[in-house]
Amino acid sequence: ETSTKTNAANHPLFWHGRTSPVSLTDEALSALLNDLSQPVILLNKDDQWFGSNDVALSSEPNEWPVIAMVQPFLPEHFGNQDFRSTHGLDYALYGGSIANGISSVDFVVTMGNNKFMGSFGAGGLLPNTIETAIQKIQEALPEGPYVFNLLNRPFEPALEERTVELYLKNKIHTVEASAYLSVTRSLVLFRASGLSRNPDGSARIGNKIIAKVSRKEVAVKFMEPASEEILTGLLADGKITSEQSELARQVPMADDITVEADSGGHTDNRPLVSVLPAIIRLRNQVQEKHQYAQPLRIGAAGGISTPESALAAFMM
């Protein structure tokens with residue numbers, strides 16, 4: 001009785017399960033913790049340690065005070081739910097592209113079949129090669145998920161625009177924009193061409209952009225709406241409608257920002273622990289300014305090559 005009163009004072013919850021808890025040997029504890037689909041409840045009785053998966057808790061005192069509890073936490077639970085639902089994924093992870101088709105058709109299809117998203121490495125490839133890859137990926141993944149890379153071509157803007165027109169022709173609705181220093185006419189064409197109006201008058205975003213950046217001054221250009229100058233030019237050339245031009249002023253250029261830290265890609269060799277928080281703060285400032293219906297999501301990339309570094313990135 002004295003022990004129960006002491007426990008009641010120190011432990012607000014008590015375990016009332018029907019099946020006997022297991023005595024915590026090293027093997028039993030390991031088995032409990034390694035089953036990520038089940039909760040783990042740590043109990044103490046008469047200075048002996050026990051564990052259970054049975055969530056039968058109450059404030060009514062008994063001989064089983066709850067010392068600690070861990071909720072189930074599967075890999076599917078990490079990251080942003082909106083990212084998963086927007087792109088049709090089970091996991092808030094995607095495989096970024098490596099140019100010249102190194103991130104191949106097989107890579108994208110394997111990722112997609114496992115409800116990850118892979119980005120086809122279209123940079124450096126000619127349009128006919130890209131179109132062949134599109135056909136193979138769409139045949140293997142008719143419902144997705146997949147994304148195609150769009151590499152900035154500052155010295156070949158016509159080739160960049162041909163790639164965008166190829167994506168629009170083949171109904172590619174998500175691109176990963178890489179190595180951009182500013183938002184180009186081709187990017188705005190892709191973004192604006194997918195805009196339509198919802199019944200409530202808001203903008204429906206049909207064409208999504210994941211922008212890979214490593215600098216704040218580049219990131220902010222994707223967080224802002226498209227420029228008036230580019231929209232006016234596209235409208236005058238008949239590339240977009242007046243409604244699409246109007247809606248493009250209401251949405252950011254990107255849906256997602258991938259903060260690419262020190263890696264083998266287009267990066268400024270900045271450590272993730274420094275650049276990621278800075279761009280998250282920038283996103284928050286831009287969101288406060290524009291009050292977008294759907295705030296931009298921020299992701300992390302660069303040097304993430306172990307389970308521990310992936311966990312650290314998610315925690316950040």
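**View 1. Helix α5 spans residues 127-140**. Its 14 residues reach 20 Å from first C-alpha to last, close to the 20 Å expected at 1.5 Å a residue (1.5 Å times one less than the number of residues). Helices here are DSSP runs of H or I with at least four residues, strands are E runs of at least two, and both are numbered from the N terminus. This is a predicted model, in which local features need pLDDT of at least 70 and side-chain atom pairs count only at pLDDT 80 or more, while totals for chains, interfaces and linings use all residues. Residues are numbered from 1 along each chain as its sequence is written, and side-chain values use heavy atoms, leaving out hydrogens and water.

**View 2. Helix α5 has a buried side**. Look for P127, I130, E131, A133, I134 and I137, which are buried (under 20% relative accessible area; exposed is over 50%, partly exposed in between, with a 1.4 Å probe and protein chains only). They lie on the same side of α5 because they cover an arc of only 160° around the axis, taken from the directions from the helix axis to the C-beta atoms. The face turned away carries exposed N128 and E139.

**View 3. Four strands form an open, antiparallel sheet**. The order is β2-β4-β3-β6. Strands β2 (22-23) and β6 (66-70) stand at the edges with a single partner strand each, so one side of each lacks a neighbour in the sheet. Strands β3 (40-45) and β4 (48-52) pair over five bridges (pairing takes at least two DSSP bridges). Within β4, S52 is the bridge partner of I41.
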